[in-house]
Amino acid sequence: MRAQSSATAAPRIAVATPERDRPGFGTLQAALGVIAFSLTFPATAWGLEGFGPWSLVAVRSVLAALIAGGALLVLRVPLPARRHWPGLAVVAAGVVLGFPLLTTLALQTSTTAHAAVVVGLLPLTTALCSALRVGTRPSHTFWAAALAGAAAVAAFTVQQSGGALSTADLYLFAALLVCAAGYTEGGRLARVMPGWQVIGWALVLCLPLTVPVAALALAQEPWQPTAHSVAGLLWVAAGSQFLGLVVWYRGMAAIGIPKASQLQLAQPLLTLVWSVLLLGEHLTVAAPLTAAAVLVCIAVTQRARG
């Protein structure tokens, strides 16, 4: 009897957790996304040296869609379920179209340091949007650290721009709202489909709009490609618009939208570093102090339990 029960009992097999499902790996992916995004503003400034704002945004979206669409086609990925298309439309409106266009328009008259205010406030906005959309309830410690980090970044970036607000702020605040919605919806969808497919289908969804807009903008706006402008265009298309969002959405799916969003508190400081190296902008002595404060806030939010 004992032999029979042991023979028929299902064996217990220890299944190792895939590396991609471990929280540490999810944090790494989200961090790689932040690094990619930190180059967006300097690369956009480069792109504007040779392209008009509408041309730059439309062409970057088309190029990114061609990369994503090629991958979807080669891998024969089936169309998403009908219930996912509204969410993909939100991602497309916020991340593919809204944020790139609004920030590019702002960067025509704003410095990258001033535009970084948006990115400094984006983690808090994303966490709030997530709480409303997907019902997440972070702890009081989480919110306190998030507010402190956002305040530190906002104060630093405003101080870097001299404390003066420009007309570009309307574009920047609008970009903040639409991007938070796109991040939240993309992070939610990345729980049920691969992150690269989320941004891939969002990019493809925009092609009927971005292709004619790109053709019209190139015909209407003056453009003189240079090494800087082409490099900036290629980065915002392949790095910021596609590859960065792939690892970002995977990271959000692994560690949660609120915690992943707080990693972006470091993005303005990284952007300012790239601005010094690539654009010749200057930093003040407040940079290391703000960096230390932000790192503390990130550590607290990553450890806080929702």
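A nonpolar patch, as I use the term, is made of residues with over 30% relative accessible area and no salt bridge, with nonpolar side chains joined within 5 Å. I am working on a predicted model.

**Entry 1: surface patch**

I found a patch of about 380 Å². Val273, Val276, Leu277, Leu278 and Leu283 make it up. I then checked where leucine 283 sits. Leucine 283 is in the loop between α12 (267-279) and α13 (286-303). Its relative accessible area is 35%, so I note leucine 283 as partly exposed.

**Entry 2: salt bridges**

How many salt bridges does a search of the whole structure find? I get two.

I took glutamate 185 and arginine 133 to begin with. Their side chains meet in a salt bridge at 3.1 Å, N to O. This pair links distant parts of the chain. Glutamate 185 is in helix α8 (residues 168-189), arginine 133 is in helix α6 (residues 112-133), and the two are 52 residues apart. I checked cover for both partners. Glutamate 185 is buried because its relative accessible area is 6%, under the 20% cut-off. Arginine 133 has 41% relative accessibility, so it counts as partly exposed.

Next I looked at arginine 188. Glutamate 185 forms a salt bridge with arginine 188 too, and the closest N and O atoms are 2.5 Å apart. Why are these two separated by about one helical turn? Because glutamate 185 and arginine 188 are three residues apart in helix α8. As a rule, an α-helix has 3.6 residues a turn, so residues three or four places apart point the same way. Arginine 188 is partly exposed, at a relative accessible area of 25%. I note one network here: salt bridges that share partners join Arg133, Glu185 and Arg188.

**Entry 3: aromatic pairs**

I counted seven aromatic pairs in the structure. I wrote up two of them.

Phenylalanine 41 and phenylalanine 99 are stacked, with 6.5 Å centre to centre and 20 degrees between the planes. Phenylalanine 41 is in helix α3 (residues 40-47) and phenylalanine 99 in helix α5 (residues 85-106). They are 58 residues apart, and the pair links distant parts of the chain.

Tryptophan 85 and tryptophan 201 form an edge-to-face pair. I get 6.2 Å centre to centre and 70 degrees between the planes. Tryptophan 85 lies in helix α5 and tryptophan 201 in helix α9 (residues 195-220), so the pair ties together parts that are 116 residues apart in sequence. Tryptophan 85 is partly exposed, with a relative accessible area of 26%. Tryptophan 201 is buried, at 9%.

I also noted one aromatic cluster, formed by Phe37, Tyr183 and Trp248.

**Entry 4: helix α3**

Phenylalanine 41 sent me back to α3. This helix is mostly covered, with seven of its eight residues buried. I list the buried ones as Thr40, Phe41, Pro42, Ala43, Thr44, Trp46 and Gly47.

**Entry 5: nonpolar cores**

I looked up the largest nonpolar core. It has 60 residues. Which residues have the most contacts inside it? They are Tyr183, Val198, Ile199, Leu203, Leu245, Trp248 and Tyr249.

Leaving aside its neighbours within four places in sequence, tryptophan 248 is in contact with Gln29, Ala30, Gly33, Val34, Phe37, Tyr183, Ala260, Ser261 and Gln264. There is also a second, separate core of seven residues, including Leu56, Val59, Val62 and Leu233.

**Entry 6: threonine 301**

Last I checked threonine 301, which is in helix α13. Is threonine 301 buried or exposed? At 0% relative accessibility, threonine 301 counts as buried.

I looked up what is around it. Apart from neighbours within four places in sequence, threonine 301 is in contact with Phe142, Ala145, Ala146, Lys259 and Gln262. I took the C-alpha spacing for one of these, alanine 146. Threonine 301 and alanine 146 are 6.8 Å apart in space, C-alpha to C-alpha. In sequence they are 155 residues apart.

Technical notes. Residues numbered from 1 in each chain as written. Predicted model: local features only at pLDDT ≥ 70, side-chain atom pairs only at ≥ 80, totals over all residues. Heavy atoms only, no water. Phe/Tyr/Trp six-rings, centres within 6.5 Å; stacked < 30°, edge-to-face > 60°. Helix = DSSP H or I, 4+ residues; strand = E, 2+ residues; numbered from the N terminus. Buried < 20%, exposed > 50% of the residue type's maximum accessible area, 1.4 Å probe, protein only. Patch = residues over 30% accessible without salt bridge, like charges linked within 9 Å, V, L, I, M, F, W, Y side chains within 5 Å. Areas by Shrake-Rupley, 256 points an atom, 1.4 Å probe, with all protein chains shown as cover. Salt bridge = Lys/Arg side-chain N within 4 Å of Asp/Glu carboxyl O. Core = buried A, V, L, I, M, F, W, Y, C linked by side-chain atoms within 4.5 Å. Contact = heavy atoms within 4.5 Å.
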